[in-house]
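Thanks for sending this one over.

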Amino acid sequence: MSVPPPNDETKALLGQLLGLVSQLQTSQAELTKQVSEYQKRTNRALDSLQQRVAEVVLPIVTAESPTRPYRTFAYDKDREHNEDSDDVESSTESFKKRSASPLHSPNPKIVASSNNSAQQPIYTSRVVLTTYPGQAGITPIPLIWGHSNPHTRGPIVASRIPSSMKLRNAVGAHGGAYSIYRALAIAIRELDAAHTPNLHNTEPVCKIGPFPSWNDPECIVSLDPWGHVIMDVYKDELAKGIDIRPTIAITKAHMKLLEVEEAVRKGRLVVDGKIVVNDLGDLMVTKGAVEPVWFLPGIAKRFQVDETTLRRALFEDTGGMYPELITRPDLKVFLPPIGGLSIYIMGPPEYLSDPSKVLTLRVHDECNGSDVFGSDICTCRPYLIYGIEEAVKTAQNGGVGLIVYFRKEGRALGEVTKYLVYNARKRAEGGDTAKNYFLRTENIAGVKDMRFQATMPDVLHWLGIKKIDRMISMSNMKYDAIVGSGIPILERVPIPADMLPPDSQVEIDAKIASGYFSHSAAPADLSTTKGRTWDDINH
Ligand SMILES: [Zn+2]
C-alpha cells in the first residue's frame, strides 16, 4: 500500500510542528544555560557568604581570645578601638601583638621564645569554617573504599595545608587525639603549620598484606588497610607534594617485664634465644600502632544506625568540632579524635595469616591504673601478662602469639569516670559487692560499657587472620564480635584463679554472673562477694 503525497494542509501543519520543535529546542538550550548560570551564581554566593562569615567570626574569636583575663588598663583603650573597627586585619594584628606581649600571656617564656616569628601571621585572615560539595575549586581525590587497587581506592587526604586543602577527601585530622597537641604546637610556634613528615626509612619492618579482606568495603571500616605502606603505594602523589600520612607503623622491639622475668626464673617460660632471648626474660617482639580511620557508611552499618544520625551525633557531641560531617556528605571518611590501638606479635608475623599455624590471641582494653601502675582492684595487668605468657609459649611451639591493645580506658568511659565509680563502690552502703558492680558504673556514666566491640575485629581482618586457636579472654562481647565477623575461635581461655589479685574478685564474680565466659560459676548471692574497704588499705 502506497502512502499518498502530503497535501497543502498537511504541509502547513508539519511546518507548524517543526517550528514548535525548534522553539522547544531553543527553550531547552536557554534553560540549560540559565541553570548553569544559576549554579555559577550559587557557588559564587556560597564563597562570598563563607568569606563574610569568616570576617564576622574572626573578630568574635579575637574578642574571646585567651588574652582577655590578662587585660590591663594600658591596653583596654587600644582594644576598644579595635573592637569598634570593621577592619579584620587591624583587629587580627592587634590580637597578635597582644598575644606576643609577655604582660598578656599566660606563659611569658613561650612568647619570649617565639617573639621573632610573632610578626608573621601563622594563618591568613580568611577562616575556612567549612566546605560544601561542588564548591568552586573543591576537587576531592576520588576514594573508593574497599577497592583492591590502592590507586583506584585512592589515598586518604585530610591535610589543610594549601597544597592539599582542595584535594581533601576525609573529615577530621591525622593523629587521633594527638591532633590537638599538634594544633597547640602550631599555635605556640613550635611547629610550622605547613610541616609535612619526611618518611625516609620509616617503612614497616615486616610485610603485612594485602589480603582479600582488604577488598571488602564492609569487612574493614575503622582503619586504613593501606595505612602502613602509603610511602610505597602513593609515592607519586607524595612526590607531587600531596600531604598523605601513614596511619599505621610497624617496628621491632625488645620487651622487658618483671612478671616475664619471674616466669623464666620459676620455669614457666624457657629461654630459646629467639623469642625469650635471655634469662632475664627479655622478649623479642614485632609491634605496630594503628590510628583510627573511619569509613562512615561502614561504621553506620556495623552499629546499625543510619549514616545521617551517626554524622549528626559525631558533630553535636564533639561540640560542633567537625562541620564537614554535616556539610560534606560526599566525604565518607572521618579521622576521629580518639585513641588507636597497638599490636604485639610474638613469633613470625607472616604466621598470623597462615591457618596451618596455631594462633593465641589476647584483645586487651587499656587500664592505665592496673596495666602500668599495678592497681589491684581489677584483673587487667594479670590478664595482660597471662596473655603475653601464653602468646610466647605458642610462638615457642611453632605458632604465633598476638596481643591487641586498644586505647579504650575505663571501658571507653575514661579514667575520671572510672575513679568516680571506684569511690561510689567503696562508699556504698553494704560495701563494694559484685551485686552492684555494673550498677555503680551505670549510675554515673549512663551506660555500663562504651567499648562497643563491633569494630574491634577489623584489625584481625587487616592482619589476614582466618581462625583463632586460643583466645585469652572471658569477654562475651569480644568473642561474639570476632566470631560474628567470620573468624572462628577454637578455644576460650579464662585467667587462672591463682593470678587474680585479691580485690578483683568483685569484678570477676560480677562478670561471670552477667554471662562472661568462665570454667567456674559465680556465687548464688553476689552480695557475699565483697571488695576491701579503704580502711583495709590504710592499715
Ligand atoms: Zn583494670
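The points below go from the whole chain to its sheets, then to some helices and a few backbone details.

1. Please keep in mind that this is a predicted model. The protein has 539 residues, and buried ones make up 31% of them. Its secondary structure comes to 22 helices and 10 strands. Among contacts with a separation of 6 or more, 69% are between residues 24 or more positions apart.

2. Let's begin with the seven-stranded sheet. This sheet is open, with mixed pairing, and its strands follow the order β2-β3-β6-β8-β7-β9-β10. At the edges are β2 (248-255) and β10 (489-493), each of which pairs on one side only. From one strand to the next, the twist averages 20°.

3. Within that sheet, have a look at β7 (residues 359-365) and β9 (residues 468-472). These two strands pair in the parallel sense, over two bridges. Helix α20 (residues 476-484) lies across β7, β9 and β10, and runs at about 170° to β10.

4. There is also an open sheet of three strands, again with mixed pairing, in the order β1-β5-β4. Strand β4 runs antiparallel to β5 (residues 333-335), and two bridges join them. Trp294 has Phe334 in β5 as its bridge partner.

5. Next, a helix pair. Two packed helices are described by the angle between their axes and the distance between the axes. For α17 (residues 415-427) and α18, the angle is about 125° and the axes are 9 Å apart. That angle makes α17 oblique to α18. The crossing of α17 with α18 is right-handed.

6. Which residues of α17 and α18 meet? From α17 come Thr417, Leu420, Val421, Ala424 and Arg425, and they meet Arg440, Thr441, Asn443, Ile444 and Ala445 of α18. Sorted by class, this contact of α17 with α18 holds five nonpolar, three polar and two charged residues.

7. Helix α18 (437-445) turns up again as part of what covers the buried residues of α21. Helix α21 (residues 505-513) is mostly covered, with seven of its nine residues buried. The buried residues are Val506, Glu507, Ile508, Asp509, Ala510, Lys511 and Ile512, so please note that charged side chains are on that list: Glu, Asp and Lys all count as charged. Just after α21, Gly515 takes a positive phi of about 115°.

8. Phi of Arg189 is near 65°, a positive value in a residue other than glycine. Is Arg189 buried or partly exposed? Arg189 is partly exposed, because 19 other C-beta atoms lie within 10 Å, while a buried residue has 20 or more.

9. Finally, Phe452 sits in the loop between α18 and α19 (458-462). Phe452 is not a glycine, yet its phi is positive, at about 35°. Phe452 is partly exposed, with 15 other C-beta atoms within 10 Å.

Key: Residues are numbered from 1 along each chain as its sequence is written. This is a predicted model: local features need pLDDT of at least 70, side-chain atom pairs count only at pLDDT 80 or more; totals for chains, interfaces and linings use all residues. A residue is buried if 20 or more other C-beta atoms lie within 10 Å of its own, exposed if 12 or fewer, and partly exposed in between; C-beta atoms are placed from the backbone. Helices (H or I, at least four residues) and strands (E, at least two) are DSSP runs, numbered from the N terminus. Two residues are in contact if their C-beta atoms, placed from the backbone, lie within 7 Å. Two strands pair if DSSP finds at least two bridges between them. Axes are lines fitted to C-alpha atoms, for helices over the stretch in contact, and angles run from 0 to 180 degrees between N-to-C directions. Angles under 35 degrees count as roughly parallel, over 145 as roughly antiparallel, 65 to 115 as roughly perpendicular and the rest as oblique. A crossing is left-handed if the near helix is turned anticlockwise from the far one by less than a right angle, and right-handed if clockwise.
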